[in-house]
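Me: I would like to learn how to read the packing of a chain from its contacts, its core and its helix pairs. Could you take me through one case, giving the general idea before each feature?

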Amino acid sequence: MPDSEDKPVAGLARPDAHGAAGAASAAGAASTADVTPAAGNGGQGGAPTRAPDPTELVRRVGYLRTLALAGLVGVPVSLAAFGFLALLHAAEHRIWHDLPQALTGSDTPPWWWPLPLLALAGLGVGAVVRWAPGHGGHVPVDGLGGPPPSAAELPWVLVAALASLPLGAVLGPEAPLIAGGGGLALLIAHLAGVEKGSRKSMIVAGSGAAAAVAAIFGSPVVAAVLLIEMIQLSGAALAIVVVPCLLAAGIGAIVFTGLGAWSGLPIGSLTLPVPATDFRPDIADLLWAVPLAVLAAAGIRVVRLVAHRVAPWVTARPLSGTFAAALGVGVCAAAYSLMTGRSPAEAALSGQQLLAALAADPAAWPELPLLALLLFKSAGYALSLAALRGGPIFPAVSLGGVFGVLAGPLPGLGAVPAMAAGMAAASVAIMSLPVSAVVLVVLLMGPLGFRTTPIILIAVVVAFVTEQLLEHGLSRRRDLQP
């Protein structure tokens, strides 16, 4: 008799788009049925059937094979993730540093530089959305994605990401890499003879997504917390799905780190270069965290609203709409450069390098450039979420950091606690995963992470509640409309 995890999953609904690994969510939903007591009657005299041991599946030979396969897929997924991120880093450096220096003799791109780049990105992504299988992946405003792409769709997810991210899209690499990790793992599982649509294939695909998360964020801890919070299961059902994902994430992180050390190429790290201080949070920091979190959450909500308004217009005209939205991102970056005299790259791209520069020397940033950066990068972020391809997390975190540095001079505050509060609030506002947001920002703050934990916790809770209240209010308004 075949193992139960090889049975096809019938009627599997599309997972929540805000999950970090749609495949793992699907696997979790399928696993729940096998660890929940049956609703019908059975046995002698119509007595209720005795619920099976919820940990029985974990002890089966088939599940142990699934666990081994999940661990093995962590190796090729991490290799693919490393190659993708290395290619992305090299392309971004060449486009935004080497080429401007060769053409203009300056390390800083001219103000008009983003315009042709984003126009090219719009044409490339628009063509993929219009004609390629899978449309290049999901629209970023919908979250981090759903089920893994098929073998035919997977290459175009990566092509659309490479056409967006190094050319200036205000998006991060997390969504296409998570989709790529899940899709590659699913392809490997099918080649290994795992039945399509089975629970085993979904668990292996979720493990591939977990390995990609570990590579992107530089830590398997973030992958573990994201998966546990996203799947929203408990007990044995959680263990059945998460244990293979944890194994793949750990193996993937080891391979990814080893490749970085061997090749000398930059690898992912969550620690920002925050100056070492004897900072200790006080009551003023905790009190300021409340209004900062409300404002940051409201700002991300406005960005998402704009993106949701623009996205249907782009979807209706994939080629011209994507081109127009991408060109709008370039206009935002060019306008920022014209207004401030600074590099347009600061208002474009994912914001990872920008966040590091902010953390290293917050006092070096005047208020006017910070305000212009907050406005123009937010506008470019909204257009990118609606039309291009990439992930939503890193730009939100960088905008939270910009907001924090801008608020740092408030009486009794300071740049360090303000950055922590801003990044925490923006993270939970875009992810809707409070525990994951706490872990992410604590790791980002490096040596000061644990010292700023009270501020981060307050900001996450306040921003999460604010986001839910705003969402509820908007839902009621929509329901009341005729």
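Reply: A contact here means heavy atoms within 4.5 Å. The model is predicted, and in this chain residues 24 or more positions apart account for 78% of the contacts with a separation of 6 or more.

Me: What are the numbers of helices and strands in the chain, and what share of the residues counts as buried?

Reply: The chain has 16 helices and 0 strands, and of its 482 residues 53% count as buried.

Me: Which residues touch the most other members of the largest nonpolar core?

Reply: In soluble globular proteins, nonpolar side chains tend to be buried together. Here the largest nonpolar core holds 123 residues, and Phe 217, Tyr 381, Met 423 and Ile 456 touch the most other members. Helix H14 (residues 415-431) supplies the largest share of this core, with 13 residues. Leaving aside residues up to four places away in sequence, Met 423 touches partners including Leu 272, Leu 355, Val 397 and Met 445. A second, separate core has 6 residues, among them Leu 69 and Val 204.

Me: How do helices H2 and H4 cross, and which residues meet there?

Reply: Angles under 35 degrees count as roughly parallel. The axes of H2 (residues 61-104) and H4 (residues 154-164) come within 10 Å and cross at roughly 25°, which means that H2 is roughly parallel to H4. The crossing is right-handed. Phe 84, Leu 87 and Leu 88 in H2 meet Leu 158, Ala 161 and Leu 162 in H4, and by class this contact has 6 nonpolar, no polar and no charged residues.

Note on methods
Residues are numbered from 1 along each chain as its sequence is written. This is a predicted model: local features need pLDDT of at least 70, side-chain atom pairs count only at pLDDT 80 or more; totals for chains, interfaces and linings use all residues. Side-chain values use heavy atoms; hydrogens and water are left out. A nonpolar core is a set of buried Ala, Val, Leu, Ile, Met, Phe, Trp, Tyr and Cys residues joined through side-chain atoms within 4.5 Å. Buried means under 20% relative accessible area, exposed over 50%, partly exposed in between (1.4 Å probe, protein chains only). Helices (H or I, at least four residues) and strands (E, at least two) are DSSP runs, numbered from the N terminus. Axes are lines fitted to C-alpha atoms, for helices over the stretch in contact, and angles run from 0 to 180 degrees between N-to-C directions. Angles under 35 degrees count as roughly parallel, over 145 as roughly antiparallel, 65 to 115 as roughly perpendicular and the rest as oblique. A crossing is left-handed if the near helix is turned anticlockwise from the far one by less than a right angle, and right-handed if clockwise. Ala, Val, Leu, Ile, Met, Phe, Trp, Tyr, Cys and Pro count as nonpolar, Asp, Glu, Lys and Arg as charged, and the others, Gly among them, as polar.
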